[in-house]
Amino acid sequence: NMNPFQEAMVQTTGFHAVMSREVAKKENRIVENENHEFFYNPMWSFMGDLSKFTAGTYYYSQSIPICYFWNMFDQVLIRPSLIPFFEEKNLQILDSDGINSFLDKNNLPNKNKFSYHLPIIFSINY
(Lines give C-alpha, C1' and ligand atoms only; values in the text may rest on other atoms or scores of the structure.)
Protein backbone atom coordinates (compact mmCIF):
# COMPACT_ATOMS: atom_id res chain seq x y z
CA ASN A 1 0.00 0.00 0.00
CA MET A 2 1.76 3.09 -1.30
CA ASN A 3 0.63 6.46 -2.59
CA PRO A 4 1.91 7.57 -6.02
CA PHE A 5 4.27 10.10 -4.42
CA GLN A 6 5.97 7.70 -2.01
CA GLU A 7 9.67 6.98 -2.50
CA ALA A 8 9.36 3.35 -3.59
CA MET A 9 6.90 4.41 -6.31
CA VAL A 10 8.96 7.28 -7.74
CA GLN A 11 12.60 6.46 -7.06
CA THR A 12 14.76 4.97 -9.77
CA THR A 13 15.45 1.83 -7.74
CA GLY A 14 11.71 1.41 -7.12
CA PHE A 15 8.97 1.57 -9.74
CA HIS A 16 10.22 4.89 -11.17
CA ALA A 17 6.60 5.81 -11.90
CA VAL A 18 5.93 9.37 -13.05
CA MET A 19 2.76 11.46 -13.26
CA SER A 20 3.40 12.75 -16.77
CA ARG A 21 2.93 10.86 -20.03
CA GLU A 22 5.46 13.16 -21.68
CA VAL A 23 8.13 12.33 -19.12
CA ALA A 24 7.33 8.59 -19.29
CA LYS A 25 7.56 8.66 -23.11
CA LYS A 26 11.25 9.45 -22.74
CA GLU A 27 11.30 5.76 -21.67
CA ASN A 28 14.25 6.01 -19.30
CA ARG A 29 16.86 8.20 -17.68
CA ILE A 30 20.42 7.74 -16.53
CA VAL A 31 21.10 8.24 -12.82
CA GLU A 32 24.54 7.54 -11.38
CA ASN A 33 25.59 5.93 -14.68
CA GLU A 34 22.69 3.46 -14.63
CA ASN A 35 19.71 3.31 -16.97
CA HIS A 36 16.30 3.36 -15.26
CA GLU A 37 13.09 2.74 -17.22
CA PHE A 38 9.94 4.70 -16.48
CA PHE A 39 6.41 3.69 -15.71
CA TYR A 40 3.54 6.10 -16.30
CA ASN A 41 1.15 6.39 -13.34
CA PRO A 42 -2.11 8.08 -14.40
CA MET A 43 -3.57 7.77 -10.90
CA TRP A 44 -1.94 11.06 -9.90
CA SER A 45 -4.76 12.78 -11.82
CA PHE A 46 -7.36 11.41 -9.44
CA MET A 47 -5.86 12.76 -6.25
CA GLY A 48 -7.77 15.50 -4.47
CA ASP A 49 -11.30 16.80 -4.67
CA LEU A 50 -11.09 18.33 -8.15
CA SER A 51 -11.36 14.86 -9.64
CA LYS A 52 -14.82 13.80 -10.81
CA PHE A 53 -14.32 10.71 -8.66
CA THR A 54 -13.60 10.33 -4.95
CA ALA A 55 -10.36 11.91 -3.72
CA GLY A 56 -8.66 8.50 -3.54
CA THR A 57 -9.27 4.76 -3.30
CA TYR A 58 -8.65 4.29 0.41
CA TYR A 59 -9.62 6.50 3.34
CA TYR A 60 -7.80 6.37 6.66
CA SER A 61 -8.08 8.91 9.43
CA GLN A 62 -5.49 8.76 12.20
CA SER A 63 -4.67 10.93 15.17
CA ILE A 64 -1.08 11.57 14.10
CA PRO A 65 0.74 14.73 12.93
CA ILE A 66 0.70 13.76 9.23
CA CYS A 67 -2.50 12.24 7.92
CA TYR A 68 -3.47 12.24 4.24
CA PHE A 69 -7.00 10.93 4.92
CA TRP A 70 -7.58 9.96 1.27
CA ASN A 71 -4.90 7.71 -0.23
CA MET A 72 -4.36 6.32 -3.72
CA PHE A 73 -3.20 2.82 -2.84
CA ASP A 74 -4.81 1.24 -5.91
CA GLN A 75 -2.92 2.22 -9.06
CA VAL A 76 -2.25 1.51 -12.71
CA LEU A 77 1.37 1.53 -13.89
CA ILE A 78 1.97 1.57 -17.65
CA ARG A 79 5.19 1.15 -19.58
CA PRO A 80 5.78 3.92 -22.15
CA SER A 81 5.31 1.53 -25.10
CA LEU A 82 1.69 0.95 -24.01
CA ILE A 83 0.76 4.62 -23.50
CA PRO A 84 -0.64 4.99 -27.06
CA PHE A 85 -3.02 2.10 -26.34
CA PHE A 86 -4.12 3.31 -22.90
CA GLU A 87 -7.72 4.52 -22.98
CA GLU A 88 -7.67 7.23 -20.34
CA LYS A 89 -11.42 7.83 -20.61
CA ASN A 90 -11.95 4.31 -19.26
CA LEU A 91 -9.78 4.77 -16.16
CA GLN A 92 -12.14 5.16 -13.22
CA ILE A 93 -12.37 4.80 -9.49
CA LEU A 94 -15.60 2.89 -9.02
CA ASP A 95 -17.92 4.08 -6.28
CA SER A 96 -20.75 1.73 -7.28
CA ASP A 97 -21.54 -1.31 -9.39
CA GLY A 98 -24.39 0.57 -11.06
CA ILE A 99 -26.86 -0.64 -8.46
CA ASN A 100 -25.14 -0.55 -5.08
CA SER A 101 -22.99 2.29 -3.81
CA PHE A 102 -19.59 1.25 -2.47
CA LEU A 103 -19.69 4.34 -0.25
CA ASP A 104 -21.29 4.77 3.14
CA LYS A 105 -23.47 7.70 4.25
CA ASN A 106 -20.30 9.81 4.78
CA ASN A 107 -19.11 9.17 1.19
CA LEU A 108 -16.27 6.95 2.41
CA PRO A 109 -15.58 3.36 1.30
CA ASN A 110 -18.19 1.12 2.93
CA LYS A 111 -15.79 -1.28 4.61
CA ASN A 112 -18.59 -3.11 6.45
CA LYS A 113 -20.56 -3.99 3.33
CA PHE A 114 -17.89 -4.05 0.59
CA SER A 115 -14.21 -3.18 1.09
CA TYR A 116 -11.77 -0.74 2.63
CA HIS A 117 -10.55 0.01 -0.92
CA LEU A 118 -12.53 1.33 -3.86
CA PRO A 119 -11.89 -0.65 -7.04
CA ILE A 120 -10.42 0.82 -10.19
CA ILE A 121 -11.05 -0.11 -13.81
CA PHE A 122 -9.04 0.70 -16.94
CA SER A 123 -8.51 -0.56 -20.46
CA ILE A 124 -5.71 -0.91 -22.94
CA ASN A 125 -6.76 -1.30 -26.56
CA TYR A 126 -3.80 -3.16 -27.99
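**Note on the predicted model**

1. Arginine 29 has histidine 36 of strand 3 as its bridge partner. Strand 2 (residues 28-31) and strand 3 (residues 34-37) run antiparallel and pair over four bridges; strands pair if DSSP finds at least two bridges between them. Strands (E, at least two residues) and helices (H or I, at least four) are DSSP runs numbered from the N terminus. Two residues lie between the strands of this hairpin, where glutamate 32 takes a positive phi near 50°.

2. On the basis of the values: this is a predicted model, in which local features need pLDDT of at least 70 and side-chain atom pairs count only at pLDDT 80 or more, while totals for chains, interfaces and linings use all residues. Residues are numbered from 1 along each chain as its sequence is written, and side-chain values use heavy atoms, with hydrogens and water left out.

3. There are eleven aromatic pairs in the structure. Rings of Phe, Tyr and Trp (its six-membered ring) pair if their centres lie within 6.5 Å, and planes under 30 degrees apart are stacked, over 60 edge-to-face and the rest tilted. Why is the pair of phenylalanine 5 and tyrosine 68 edge-to-face? Their planes stand at 65°, with the ring centres 5.1 Å apart. This pair links distant parts of the chain, 63 residues apart: phenylalanine 5 precedes helix 1 (7-10), and tyrosine 68 is in the loop between strand 5 (58-60) and strand 6 (69-71). Phenylalanine 5 is partly exposed at 30% relative accessible area, and tyrosine 68 is partly exposed at 49%. Buried means under 20%, exposed over 50% and partly exposed in between (1.4 Å probe, protein chains only). Ring pairs join Phe5, Trp44 and Tyr68 into a cluster.

4. Arginine 79 places its charged end over the ring of phenylalanine 39, 3.7 Å from the ring centre. The criterion is NZ of Lys or CZ of Arg within 6 Å of the ring centre and within 35 degrees of the ring normal.

5. The largest pocket has a volume of about 230 Å³. A pocket is an open set of points on a 1 Å grid over the protein atoms alone, where a 1.4 Å probe fits, with protein on both sides within 12 Å along at least five of seven lines; lining residues have an atom within 4 Å of a point. Volume is the space filled by probe spheres set on the points, which are joined across faces, edges and corners. Its lining residues include Tyr58, Asp104 and Lys111.
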